[in-house]
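Reader: Please walk me through this model one feature at a time. For each feature, I would like the general idea and then the case at hand.

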Amino acid sequence: MQKKKMENISPWIEVFCNTQENQFFCTIEKEFIEDEFNLISLNFQFSDLDKFLGVILSNSFFKRKNKLNFRNEVLELLYGLLHSRYIFTFSGIYKIFKKFSLGVFGSCSGFNCVNSNLLPFSPSDIPNRSLLKFFCPNCKNLYKSSYQGCSKVDGSFFGSRFLFFFLSA
């Protein structure tokens, strides 16, 4: 079963999500990315959407000689926008719940919170408008990331509505 699960995730996604600065991201299954419904309107933002999706989904990404740079900002933006949609699925909510339960997003330093786990939040759904922040469900305060490298994650990759959706689920 583990082998089948790994086949569902492309090498690019595995490497991207397993770097320290991207630890907050969930791995998105290929089926979600290949479903045209989940790509609605992205072709207006990315002129070469098929090309970029091909890189993200390719099983031979790291074997190609003429590959795009792994750290390509366009690939990261596309994955982030897909991520902002994916976390509203059952699988996405479950993965965020697991990260929340494990304290991946950090814990509140408030005296009365006793290290309550934090949740990701952004005041904006528009890329490059706000960095990712973290919300304490106990004291209702917002915090900036204290993790090395994670302080530059675009907030739109989690969005402004997910926190409220998650807390009501």
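Author: The cut-offs are under 20% relative accessible area for buried, over 50% for exposed and partly exposed in between, with a 1.4 Å probe and protein chains only. This is a predicted model, in which local features need pLDDT of at least 70, side-chain atom pairs count only at pLDDT 80 or more, and totals for chains, interfaces and linings use all residues. Residues are numbered from 1 along each chain as its sequence is written, and side-chain values use heavy atoms, leaving out hydrogens and water.

Reader: How many helices and strands does the chain have?

Author: There are 8 helices and 3 strands. Along the sequence the pattern reads α-α-α-α-α-α-α-β-β-β-α. Of the 169 residues in the chain, 46% are buried.

Reader: What share of the contacts comes from residues 24 or more positions apart?

Author: Contact here means heavy atoms within 4.5 Å. Among contacts in the chain with a separation of 6 or more, 61% are between residues 24 or more positions apart. P123, in the loop between β1 and β2, gives a local example. P123 and S160 are 37 residues apart in sequence, yet their C-alpha atoms are 5.1 Å apart. With neighbours within four places in sequence left aside, P123 is in contact with S130 and S160.

Reader: On to helices. What span should helix α7 have?

Author: The expected span is 1.5 Å times one less than the number of residues. Helix α7 (residues 90-102) has 13 residues and should therefore span 18 Å, which agrees with the 18 Å between its end C-alpha atoms. α6 has 14 residues and reaches 19 Å from its first C-alpha to its last, close to the 20 Å expected.

Reader: Which residues of α7 are buried, and which are exposed on the other side?

Author: G92, I93, K95, I96, K99 and F100 are the buried residues of α7. They lie on the same side of α7 because they cover an arc of only 165 degrees around the axis, taken from the directions from the helix axis to the C-beta atoms. An α-helix has 3.6 residues a turn, so residues three or four places apart point the same way. F90 and L102 are exposed on the other side of α7. The cover over the buried residues of α7 includes α6 (73-86), β1 (119-121) and α8 (162-168). After α7 comes G103, with a positive phi near 75 degrees.

Reader: How many residues of α6 are buried?

Author: α6 is mostly covered, with 10 of its 14 residues buried. Among them are E76, H83 and S84. The elements covering the buried residues of α6 include α2, α3, α4, α5 and α7.

Reader: At what angle do α5 and α6 pack?

Author: Helix α5 (residues 49-57) packs against α6 at about 85 degrees, with the axes 10 Å apart. Axes are lines fitted to C-alpha atoms, for helices over the stretch in contact, and angles run from 0 to 180 degrees between N-to-C directions. α5 and α6 are therefore roughly perpendicular, a label for 65 to 115 degrees; under 35 is roughly parallel, over 145 roughly antiparallel and the rest oblique. L49, F52, L53, V55 and I56 of α5 meet V74, L75, L78, Y79 and L82 of α6.

Reader: What else do the buried residues of α5 pack against?

Author: Besides α6, they pack against α2 (11-17), α3 and α4 (42-45). The buried set of α5 is L49, F52, L53, V55, I56 and L57. E34, in helix α3 (residues 30-34), is 19 residues from L53 in sequence and 8.5 Å from it in space, C-alpha to C-alpha. E34 counts as partly exposed because its relative accessibility is 49%.

Definitions and conventions: Helices (H or I, at least four residues) and strands (E, at least two) are DSSP runs, numbered from the N terminus.
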